[in-house]
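Student: I've got a new structure open and I'd like a quick tour. Can you take me through it?
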2 protein chains.
Amino acid sequence: MEDKLDFRLNDTAKDGIRRGQIVTPHGVVKTPAFVPDATYGAVRLLSVNDLENIGIPMVLGNSYHLWLRPGLDLIRQHAGLQDFMNWHKPLLTDSGGYQVYSLVYEKKMGRVVDDGIEFRDHLTGDKYFLTPEQAIENQLTINSDVLVVLDYPVSPDANDTDNEYSVQRTTKWAKRCRIAFDNDSRSEGKLLVAVIQGANSKELRKQSYEELAEIGFDGYAFGGHPENDDIVEYTVGLIPKEKLRYMMGSGVPSDIEKYTKMGWDLFDCVIPTRNARHGLLYTSQGDVRITNSKYQLDKSPVDIDCDCELCTTYTRAYLHHLFRVKEQLGPRLASIHNLRFYVRMMLRLQVNYGS
Amino acid sequence: MEDKLDFRLNDTAKDGIRRGQIVTPHGVVKTPAFVPDATYGAVRLLSVNDLENIGIPMVLGNSYHLWLRPGLDLIRQHAGLQDFMNWHKPLLTDSGGYQVYSLVYEKKMGRVVDDGIEFRDHLTGDKYFLTPEQAIENQLTINSDVLVVLDYPVSPDANDTDNEYSVQRTTKWAKRCRIAFDNDSRSEGKLLVAVIQGANSKELRKQSYEELAEIGFDGYAFGGHPENDDIVEYTVGLIPKEKLRYMMGSGVPSDIEKYTKMGWDLFDCVIPTRNARHGLLYTSQGDVRITNSKYQLDKSPVDIDCDCELCTTYTRAYLHHLFRVKEQLGPRLASIHNLRFYVRMMLRLQVNYGS
């Protein structure tokens with residue numbers, strides 16, 4: 001078992017939190033785990049040295065962005081995103097679907113057909129076609145450790161027919177992803193995660209999970225926006241305990257704590273870094289909006305309990321000043337702080353204080 | 001002598017380069033020295049940890065910017081800029097004149113009177129009055145180690161009458177700075193540098209130096225834009241060897257090498273960081289414009305001979321990509337590289353290979 005690439009559940013505490021590990025060729029990630037987004041092959045403003053110092057265990061590469069820029073050729077020449085960004089720890093990727101659907105539905109720059117999604121690069125106008133096979137090709141070229149199938153989400157206000165169709169197409173595309181993945185020798189030792197659709201309908205979520213489980217995957221993710229806790233909890237309950245449970249794109253610290261107690265293992269989100277860039281910092285004493293004028297003369301650290309570069313080096317007054325004069329060191333230090341806050345939160349959640 | 005704050009000349013090599021040291025309460029700066037600009041209390045994109053890692057010996061605080069934002073009150077509360085930005089090595093400041101004259105002459109937002117310069121903050125519209133006494137007050141509050149007097153430069157196309165007047169007023173204001181400095185107990189152990197004006201006229205430069213020398217200063221700086229090497233070399237020759245010779249606001253690496261051979265000791269410039277942000281990197285093999293498409297597939301480091309975070313971690317292709325997608329990690333890594341290039345250049349210049 002030790003050598004097999006897999007998700008392994010160690011134990012589940014009374015509070016419902018599962019302690020496990022994702023074993024990958026690039027190392028082991030303890031769960032529950034939080035993964036920041038390295039959209040263009042970099043977590044905004046941070047180098048890989050910064051990520052190491054913060055204690056980040058894994059990063060997420062956006063396969064849509066990387067497919068368009070710098071493109072697969074260059075990533076191939078670097079033998080994957082890991083070499084390109086010089087990050088030699090585990091790597092998670094998305095399918096690219098989320099960004100492409102935004103282009104199609106919000107910017108009207110493409111259309112969904114039976115085989116995939118046609119769209120144009122909004123910068124160059126070049127045509128692309130994201131199929132299930134292409135989604136796997138992109139992620140294997142990036143050399144991801146944990147890949148996600150191309151799914152077919154619908155908007156939150158979709159009707160029952162749309163939702164049923166979303167489940168059916170998601171199953172069909174997941175099957176094609178599974179085949180493409182299995183037929184490619186580069187998939188050796190990697191995990192493939194399927195996405196459960198079905199909006200707010202428990203029947204559809206169940207149907208979606210069962211159709212996917214029949215194909216068989218290493219993990220399952222929650223697809224679509226979590227409208228209420230009930231559907232999120234119901235969905236996680238469908239996934240057997242030996243499988244990785246991935247809550248995509250969530251969320252704020254309180255959500256992460258809540259979802260880990262439901263039994264979700266893996267999280268990625270732009271929230272900590274995006275909020276940091278806008279001056280919202282998470283601390284052990286609650287949120288700090290550093291642009292607020294009450295911090296102008298505040299000589300205390302942002303978080304007295306934090307060991308990050310910001311909190312051990314600078315005052316709130318200094319960070320307030322950096323944001324006021326729009327000096328990019330401010331967003332950078334805030335990003336370091338928020339990510340360190342998340343890392344320490346996950347370290348606490350990983351310890352079972354009594355099961 | 002060991003405890004007296006001063007500039008001390010150790011030796012002068014055959015090539016004309018002077019090796020000395022500036023002894024300050026915050027430590028010794030070996031010369032020739034290059035000092036980056038921490039415009040708003042931060043070298044753009046870099047933390048003090050970064051500056052330590054790069055080996056920066058001293059930074060320059062812009063007293064104009066700091067006077068307006070965050071303002072003297074906050075800096076007083078932090079017991080100086082050093083505490084505010086948590087930089088506990090030597091600090092150099094300018095008089096603020098350069099920025100104020102830009103407001104007056106380019107943006108027509110103020111006027112020069114006999115006592116100083118009246119201007120408005122271009123962001124808030126608030127009125128300010130920069131006098132020689134205020135220039136000293138600002139710099140002593142910032143807690144600078146090396147202060148510069150308020151001078152009166154003229155535009156490069158000024159006529160002889162303007163130039164003579166520039167010399168006279170510069171002397172008058174330098175005298176007032178000297179008095180304000182000497183009458184303030186906070187000046188204990190700090191250096192005061194005067195600025196030699198006189199445009200391209202050797203007669204005026206000589207007159208300016210002699211008038212200033214009669215007042216007496218710890219060092220002398222070259223005022224105005226260096227129009228030709230002859231006037232720069234003539235001016236440095238006026239300054240006695242035991243005094244600090246400060247070439248303000250210059251320059252590119254080749255200029256620094258040239259000016260050190262003339263006998264200048266101290267340099268500050270935004271060039272390495274500004275050029276870095278625009279993708280121009282200095283290397284041991286010449287300039288690299290990283291945005292050039294020829295670097296798109298270049299897997300070599302920016303400079304094979306460099307030991308900075310960029311060159312030891314990433315390829316040219318990766319940096320090219322960061323600039324292409326406008327990821328701010330690019331300008332940050334380039335800034336680290338260019339400053340490290342300057343630090344290593346100064347280290348080489350500080351070694352006397354045979355005198």
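Tutor: Start in chain B, where β1(B) and β2 (residues 18-24) run antiparallel, joined by six bridges. Strands are DSSP runs (E, at least two residues), numbered from the N terminus. Two strands pair if DSSP finds at least two bridges between them. This is a predicted model: local features need pLDDT of at least 70, side-chain atom pairs count only at pLDDT 80 or more, and totals for chains, interfaces and linings use all residues. Residues are numbered from 1 along each chain as its sequence is written, while chains are lettered from A and ligands numbered from 1 in the order in which they are written.

Student: Which residue of β2(B) is the bridge partner of F7(B)?
Tutor: I22(B) is.

Student: What's the strand order in that sheet of chain B?
Tutor: β1-β2-β3, in an open sheet with antiparallel pairing. β1 (6-12) and β3 (27-31) of chain B are the edge strands, and each has a single partner, so one side of each has no neighbour in the sheet.

Student: Switching to chain A. How is it divided?
Tutor: Into domain 1 (6-269) and domain 2 (271-355). Those bounds come from an automatic or database domain assignment.

Student: How many residues of these two domains of chain A are in contact?
Tutor: 25 from domain 1 meet 19 from domain 2. Contact means that the C-beta atoms, placed from the backbone, lie within 7 Å.

Student: And how far apart are the C-alpha centres of those domains in chain A?
Tutor: They lie 28 Å apart.

Note on methods
Helix = DSSP H or I, 4+ residues; strand = E, 2+ residues; numbered from the N terminus.
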